Amino acid sequence: MGATPSDELLTELLRQAGLPAAVSVTPLTGRGFVNRISKVRLAGGQRVVLRVLRIPRAPAFARSSFLARHGVPAPALLAATEGAALWEFIEGETLGDLIETGRDTGRVWRLVGEAFRRVHAVRFPSGLAGEKLGPDRFVLTPYDPAEELHALIDEAEPGLRRLLPGHLAYLPELHEVVRAAAPALRSAPSTLGHGDNHMWNVLVADDRATPIDWDSPRVSDPAKEIALLDKHASLFNRAGLRPAFFDGYGSTPVEPNTSIHRVVQTLQWATSDDWTDTERDPLVTAELKARHASWLPILLDHVRDLPRHLDRLGALVQ
């Protein structure tokens with residue numbers, strides 16, 4: 001992770017936040033961090049998290065304040081410059097670690113479901129969407145989710161031709177499913193979403209779960225995020241979201257939207273250039289590259305099941 005952040009930078013952020021002096025700084029490693037992350041213990045025992053950014057960006061005070069005002073479970077931004085930020089320390093273990101060590105109990109999944117219910121409770125006018133909402137403004141535009149899905153299917157064609165050419169024959173039927181589901185897709189609500197839902201971006205404590213690293217929030221159909229969560233969970237447990245998640249979330253998946261997004265998202269990612277880009281990126285650790293490479297076969301297995309997915313989707317849109 002590099003050297004410990006300079007005393008001057010940390011002192012300035014603590015002064016900005018009105019916090020006492022640091023007594024220890026512990027760099028955090030693993031998980032392929034691109035930014036330098038450190039846990040800081042302050043005089044008096046309080047802990048905070050320091051992120052020193054690889055690429056400077058505008059401080060996210062407005063976005064953090066918006067999340068807090070709307071009761072969204074997220075760490076509070078305590079102080080920031082364009083190059084670093086001081087965040088509230090959140091107790092808990094990552095959901096990914098809990099899954100991989102067999103400790104993702106029903107209680108854990110219910111807490112995660114409750115957290116995302118609170119995220120998706122923040123609503124915007126239907127028919128509007130926005131990707132990677134900025135630190136100080138949310139730009140939303142009218143969009144057609146059905147057309148977006150058609151475009152993603154078309155973009156997947158070259159990669160599918162290379163990886164599973166025999167499955168190209170199923171793409172017209174997938175387009176037909178999207179056309180049949182267009183009314184349901186277009187009438188879906190628009191809500192806040194976290195946008196970067198891998199299993200290391202959720203911390204789970206005894207009484208709550210908290211999505212962290214709110215760098216790429218979005219506004220879209222919440223079914224799109226449920227599908228994304230299910231996809232990333234499957235990379236850790238091969239099964240996806242557990243039923244207890246939906247107990248905490250307060251509803252079952254909205255269909256056919258969730259299943260359509262799940263199939264198209266997986267198709268798009270499996271056939272993308274992300275795999276070669278990650279392998280060539282010098283900032284990505286060897287450990288994360290190996291893990292990343294192990295995910296592609298899982299996604300391709302899901303794509304190989306396109307005939308079964310299409311049978312289920314066809315029944316849902318009838």
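Q: In which helix of this predicted model does Thr276 lie, and is Thr276 buried, partly exposed or exposed?
A: In this predicted model, Thr276 belongs to helix α10. Its relative accessible area is 38%, and since buried means under 20% and exposed means over 50%, Thr276 in α10 is to be classed as partly exposed.

Q: How far apart in space are Thr276 and Leu229, C-alpha to C-alpha?
A: Along the sequence, Thr276 and Leu229 are separated by 47 residues. In space, taken from C-alpha to C-alpha, the separation between Thr276 and Leu229 is 23 Å.

Q: Is Thr278 buried or exposed, and which residues does Thr278 touch when those up to four places away in sequence are not counted?
A: Thr278 is also found in helix α10, and because its relative accessibility is 13%, Thr278 counts as buried. Leaving aside residues up to four places away in sequence, the residues that Thr278 touches are Val284, Lys289 and His292.

Q: What is the reach of helix α11 from its first C-alpha to its last?
A: Helix α11 covers residues 286-304, which makes 19 residues, and at 1.5 Å a residue the expected span is 27 Å.

Q: Which helices are included in what covers the buried residues of α11?
A: The buried residues of α11 include Lys289, His292 and Trp295, and of these Lys289 and His292 are touched by Thr278, which is found in α10. The cover over the buried residues of α11 includes α3 (95-100), α5 (145-163), α7 (222-237), α9 (257-270), α10 (274-280) and α12 (306-317).

Q: Which residues form one aromatic cluster with Trp295?
A: Trp295 is among the buried residues of α11. A search of the whole structure finds eight aromatic pairs, and the residues that form one aromatic cluster with Trp295 are Trp200, Phe236, Trp269 and Trp275.

Q: What is the geometry of the aromatic pair formed by Phe66 and Phe124?
A: The pair links distant parts of the chain, with Phe66 in helix α2 (residues 61-69) and Phe124 in strand β7 (residues 123-124), 58 residues apart. Phe66 counts as buried at 15% relative accessibility, and Phe124 counts as buried at 17%. The ring centres are 6.4 Å apart with 25° between the planes, and as planes under 30 degrees apart count as stacked, the arrangement of Phe66 and Phe124 is stacked.

Q: What is the bridge partner of Val48 in β5?
A: Strand β3 (residues 47-52) is largely enclosed by the rest of the structure, because five of its six residues are buried. Six bridges join β3 to strand β2 (residues 36-42) in an antiparallel arrangement, where Val48 is the bridge partner of Val40. Five bridges join β3 to strand β5 (residues 84-88), again antiparallel, and in β5 the bridge partner of Val48 is Glu88.

Definitions and conventions:
Residues numbered from 1 in each chain as written. Predicted model: local features only at pLDDT ≥ 70, side-chain atom pairs only at ≥ 80, totals over all residues. Heavy atoms only, no water. Helix = DSSP H or I, 4+ residues; strand = E, 2+ residues; numbered from the N terminus. Expected span 1.5 Å × (residues − 1). Buried < 20%, exposed > 50% of the residue type's maximum accessible area, 1.4 Å probe, protein only. Contact = heavy atoms within 4.5 Å. Phe/Tyr/Trp six-rings, centres within 6.5 Å; stacked < 30°, edge-to-face > 60°. Pairing = 2+ DSSP bridges.
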